[in-house]
Amino acid sequence: MRGQAPIVVHRPSPTGGRRVTVREQILGLAHDDQDLIEFLRRAGVAEPGEILDDPLWVEWRDGPAHEYGRALGPR
């Protein structure tokens, strides 16, 4: 359900990468899972690599999970 997970990985940007937010606070633009894990680690998430596929923690919006390439068209 949209809006329930505290961590959101937003749609791919036109130039590549995905914005990452935790409770609507922007952490940065991730270009791969390692970037995402580092942002979450810095935000104090324990074992961030273990929660990436848990929908209670992470919502992957408007694109497949773990894909960070450029968006294909305008939105």
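Predicted model: local features only at pLDDT ≥ 70, side-chain atom pairs only at ≥ 80, totals over all residues.
Start with the core. The largest nonpolar core holds 14 residues, and the members touching the most others are Ile7, Ala30, Leu36, Leu40, Val58 and Trp60. At least two residues of this core come from each of β1 (7-12), β2 (18-22), α1 (33-42) and β4 (58-60). The helix α1 gives the largest share, three residues.

The ring centres of Trp60 and Tyr68 sit 6.1 Å apart with the planes at 75 degrees, so the pair is edge-to-face. Trp60 and Tyr68 are both buried.

Now for the helix. In α1, the buried residues are Leu36, Phe39 and Leu40. Looking down the axis of α1, its buried residues fall within an arc of 95 degrees, so they line one face of the helix. The cover over these buried residues includes β1, β2, β3 (25-30) and β4. Over on the other side of α1, Gln34 and Arg42 are exposed.

The two ends of the helix have their own details. At the start of α1, a side-chain oxygen of Asp32 comes to within 3.1 Å of the backbone nitrogen of Gln34. After α1 comes Gly44, with a positive phi near 95 degrees.

As for charged pairs, a search of the whole structure turns up three salt bridges. Glu38 pairs with Arg41, with the closest N and O atoms 2.5 Å apart; both residues lie in α1, three residues apart, or about one turn of the helix. Glu38 also forms a salt bridge with Arg42, at 2.9 Å between the closest N and O atoms. Glu38 and Arg42 are four residues apart in α1, and therefore about one helical turn separates them. Glu38 is partly exposed, at 26% relative accessible area, and Arg41 is partly exposed too, at 48%. Arg42, at 63%, counts as exposed.

The remaining bridge links the side chains of Glu59 and Arg61, 2.8 Å from N to O. Here Glu59 is buried, with a relative accessible area of 12%, and Arg61 also counts as buried, at 19%. Through shared partners, salt bridges join Glu38, Arg41 and Arg42 into one network.

Methods. Residues numbered from 1 in each chain as written. Heavy atoms only, no water. Core = buried A, V, L, I, M, F, W, Y, C linked by side-chain atoms within 4.5 Å. Buried < 20%, exposed > 50% of the residue type's maximum accessible area, 1.4 Å probe, protein only. Phe/Tyr/Trp six-rings, centres within 6.5 Å; stacked < 30°, edge-to-face > 60°. Arc of directions from axis to C-beta. Contact = heavy atoms within 4.5 Å. Polar contact = N/O pair within 3.5 Å; in protein donor to acceptor, adjacent residues only side chain to side chain. Salt bridge = Lys/Arg side-chain N within 4 Å of Asp/Glu carboxyl O.
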